Amino acid sequence: KHHKSQYPNMLEEVLHRPKESPAEVAKAIETFFRQDFLYGGKGTEDRFVRLFPVFLERVFGPVIANSLNRNYEFTAEQLDYIESAWLMQSRIWNVNRPGGSGSTAFSAMPLVAHGSATASTKLENDPVVHLLSALKSLSYEQNKAAADQDTPTVPPTLIRILSKDPALELSMIPNARAVFPFVELPQSVQRALIQLAYGTASWPGNLSMAHEFNSSAGNISNGSKFLDCLSWNPMQQKEFVNNLRQVISIHHHRSDESIGIGGIDRGRKDLVLSSPRSPTSAYSSQQQQTPSFLFSPSHSGGGGNKVQDVTVLEQGLNVQLSFWEKYFMVFVRFPLLMGQIYQMSRSSNTFTYGEKVYLHLLRDYIQYYFPHNFSDSFESLHHEKSFESENDQAFIRFMIEFWLERHIYTSTKDAVAVLSSQEGDRGADVTGLDWSYHLAELLMVQDKWGSPPGIAAALSRQKYDAPPKHVQRCIKILVEHLISDPAIARRCRGVGLLSGDYVQDNVGGYDVWPLPKIQTIFQLSLYNYLRTGLRYGPIHVTNSSFYAALDLWLLWIEPWNTVQRKKFGATVQAKDILQNVSNRVSHMGVPTSHSQQMHSFPTVPKHNQPSKYTPMWESYVAANLHFYLVPFAIFLRRARELDFSKNDFHKSMNHLQRVLRVYSPQLVQTINSLLDNQGENQNLKTIVGCHEKNLGDFSPARPRDSNVGKVWKLDMLRDEMHNLLEEIVLQHRKTVGEQGFLEKMFTRIEGLFGEGYKADENLILKAIDSANQIVKFPQNYEVIPSGRRKGGMLSSGFSNLTVNDNEQDLSSLSPDREATGFLTNKGRQQILEGARLCSASSVNFIGDPMYARPKTYEIKVLVKWTLMLSNKLNVYFGFDTPKKCLLYGETQLTADQLIKEQEMNKVGLFRFNLRFFADPRNWMVIYVVLKIFCRLLAR
């Protein structure tokens, strides 16, 4: 029976009202799907095509050209429109909002129960989540009601409609097109389109699994792979290509400075772009000869023609996409927009309800397009299906380009060439593992618009652009899902069962490759993202991109921390039904009941927990070999910047221990065996070769033969590891040397119970032992050579030495200094030449110590007050001259003035210094003394 909507025009009205309750609008759209769309024809599809652009704006906000540019300034009207989007809402929206036009009508519609207003606070029961979800669009009650009523067809959902499900028998939507601004595409995609339009690159064609391994990243960019996933080749969109070439021509003529903008192609009036149209009208179908959203030709009129500014021309460029591509491109772009808005108006750490809904939907889509297969069948290793739908590959490409490919990464060949020219005649081997930090540098890049033939393109230095916090959360969710795929462990177990003959009979060695296809596609971009994040991320900012990259790296290199558990509860039956529906939609032969009752997730081990690595994971290590090498080398270099002083010692040591614990003796042996290239396991050699081919131009220039160069080993990081340990030991010794009388007393008491500095020393010793297992220090290695030991506590020679002892041991290496402690010109030259070194623990205080900067354990206000009182007492009794109580850092004294002040304070045997009252640790001692004194007086 054909059902007609009770309120045919209500949906259009509420979609155009930004302040309408999202929950009520979502209910209305679901009703439209069940009542009209299920039995409707072309008229219903046409209505959906007209509503789709407005619906996208209501959910995610408008897509404004160039709005992701950090220098873009939003107007007040644009900000209001963006912040009124559903997923920008900071608070939970009302399900049954009292008052307001149309709210009563929607509540009266024949809807399937979604729960009360109280239940709607849970994301699973939110009508917006039900509408946008891929797996949970239909609740268990809806499916049960459909079964009881013998409904012949499952009601359509948004994702099924956008995916052009054949069961829906759609006729208009599969051919409908939406537009997306060219300048809002990722930078790599823009560059690929410009190169293709200018004729400097060829279209890559269909990318098969073999193509992933046999083509380097330099020949086929990620941007071209992104374009290849689109249903309509952008280079076949003639009007877009013509207008893009027009903009390129303008930029080239500007760089040539031979002609102005007004003199370019004056006769080609059909190529002049018109003003960008409103996104609400951005839809069409292939049946239209002149789509309404494309650039329209300029017609001569009374006022004549004027060529618009090149910026307006760029913003008017649009590519045509399918509705599915437009939806998911806007969806993936949304965290970037959220970060841009929150940076301007609110704190980026704010976690709003809209973002909670977005992250819930992100997990939903990831589970839908990249489902985990919990089948234990070994046959799945060889017969795992390739992408049945192009949407799977397109979705991962969208996330890669928008979230990870934020820079133009430097190929290994170019980075080696630049470093070699900088080193000059030093003859350093810049291809070694210990040069990984320098090889990850972001170099100069050409302007994306290129330059005319014979003219060098303009170069600009890249600045590190850390992803917003919202994007970092999304990337972590994606990596957690990919790394916890049970197929990885199943494939690793299966590699050992394959014979060498089997590998030789299959070109490429794909049968022994342990990573699923999605993880293989993701590997290269994640590798560059981690290198850059660890190289440039701020290390002294809490929760910065450095620590986000560190967490992702540790997740990726430890898949053996994944846990699989059964799901319990009454929702299992409902999820089984939903899985059956989704399997019919996506045509995936994935086990239903068993897979829905299991879920897999990674665990984060503690910093002192031993590694769970076993030889079963050898093939995974081989498939990600350079993830265990290059980021580790960069981390060792950057870890020297961590604060190992008293305040952040344990926090910094935890970061270091989290990394060192991964490299267990078994894993180190596996890595060195894979680097040796002399092993007998042909399968592992094949996997390493596939891994390096997958990294393409970014694969390290690792010699495979000792005759060609020095074969890589973890031992190459010995100097980096030593420098890190030396920094830790020196900072620890400096902290110990700065202890006051009371601190030393408390330290000795804590040492009796294994706490305090005694515990810190044990942590350092464990770090030294772990480091020794990785880089194999020489026998009797000591971080800082010690001439003698007091009490024979430690063989590493650092904890039991005083500052003076260290100065005596390193006196032969100290640079030439003046009597005041300053370096002479000779001393500076000795340091520059590397002939002498300075010890951080030998730095002496210059000036009057009474007026030193406030210590971290002191209260700054009390420091000033106690110094003022001390100075008044000293002046009154004639112990000192009047002084302004300014602390060092607040004064502009030169080094000579500080030395003179230090000499003046040596005169006199006594003066008042009440600064110890500013240390809260002394209050307890004072309290106890006063208490005893009062009791004595009372007697």
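## Helix H20

Helix H20 spans residues 469–483, and its 15 residues reach 21 Å from the first C-alpha to the last, close to the 21 Å expected at 1.5 Å a residue. The model is predicted. H20 is mostly covered, with 11 of its 15 residues buried. Among them are His470, Gln472 and His481, along with Val471, Ile475, Ile477, Leu478 and Val479.

Cys474, another of the buried residues of H20, has a relative accessible area of 1%. Because buried means under 20% relative accessible area, Cys474 falls in that class at 1%. Cys934, by contrast, is partly exposed, because its relative accessibility is 49% and the exposed class begins over 50%. A disulfide is a covalent bond between the sulfur atoms of two cysteines. The structure holds 0 of them.

Helix H17 covers residues 390–404. At 1.5 Å a residue, its 15 residues should span 21 Å, and the end C-alpha atoms are 21 Å apart, which agrees. Of the 15 residues of H17, 14 are buried, so the helix is largely enclosed by the rest of the structure.

Glu401 lies in H17 and counts as buried because its relative accessibility is 1%. Leaving out residues up to four places away in sequence, Glu401 touches Pro186, Ser188, Val189, Asn222, Gly223 and Phe226. Lys225 is 176 residues from Glu401 in sequence, and the two C-alpha atoms are 9.9 Å apart in space.

In soluble globular proteins, nonpolar side chains tend to be buried together. The largest nonpolar core here has 207 residues, and those with the most contacts inside it are Phe48, Tyr327, Tyr365, Trp403 and Tyr663. Helix H14 (residues 323–345) supplies the largest share of this core, 14 residues. A second, separate core has 6 residues, including Val416, Leu419, Trp435 and Leu439.

Tyr365 has aromatic contacts with Tyr327, Phe328, Phe331, Phe370 and Phe395, among others. Its partners also include Leu132, Ser133, Ala134 and Ile159; residues up to four places away in sequence are not counted.

## Strands

In a regular strand the side chains alternate between the two faces of the sheet. S7 runs antiparallel to strand S6 (residues 562–566), and 5 bridges join the two. Arg565 stands opposite His599 in S7.

In strand S3 (residues 318–321), both faces are covered. Asn318 and Gln320 are buried on one side, and Val319 and Leu321 are buried on the other. S3 pairs with strand S1 (residues 176–181) in the antiparallel sense over 4 bridges. Leu321 in S3 is the bridge partner of Ala178.

## The chain as a whole

The protein chain has 39 helices and 7 strands. Of its 939 residues, 50% count as buried. The accessible surface comes to about 44,700 Å², and 52% of it belongs to carbon and sulfur atoms.

Among contacts between residues at least 6 apart in sequence, 80% join residues at least 24 apart.

Methods:
Residues numbered from 1 in each chain as written. Predicted model: local features only at pLDDT ≥ 70, side-chain atom pairs only at ≥ 80, totals over all residues. Heavy atoms only, no water. Core = buried A, V, L, I, M, F, W, Y, C linked by side-chain atoms within 4.5 Å. Buried < 20%, exposed > 50% of the residue type's maximum accessible area, 1.4 Å probe, protein only. Contact = heavy atoms within 4.5 Å. Pairing = 2+ DSSP bridges. Expected span 1.5 Å × (residues − 1). Disulfide = S-S within 2.5 Å. Areas by Shrake-Rupley, 256 points an atom, 1.4 Å probe, with all protein chains shown as cover.
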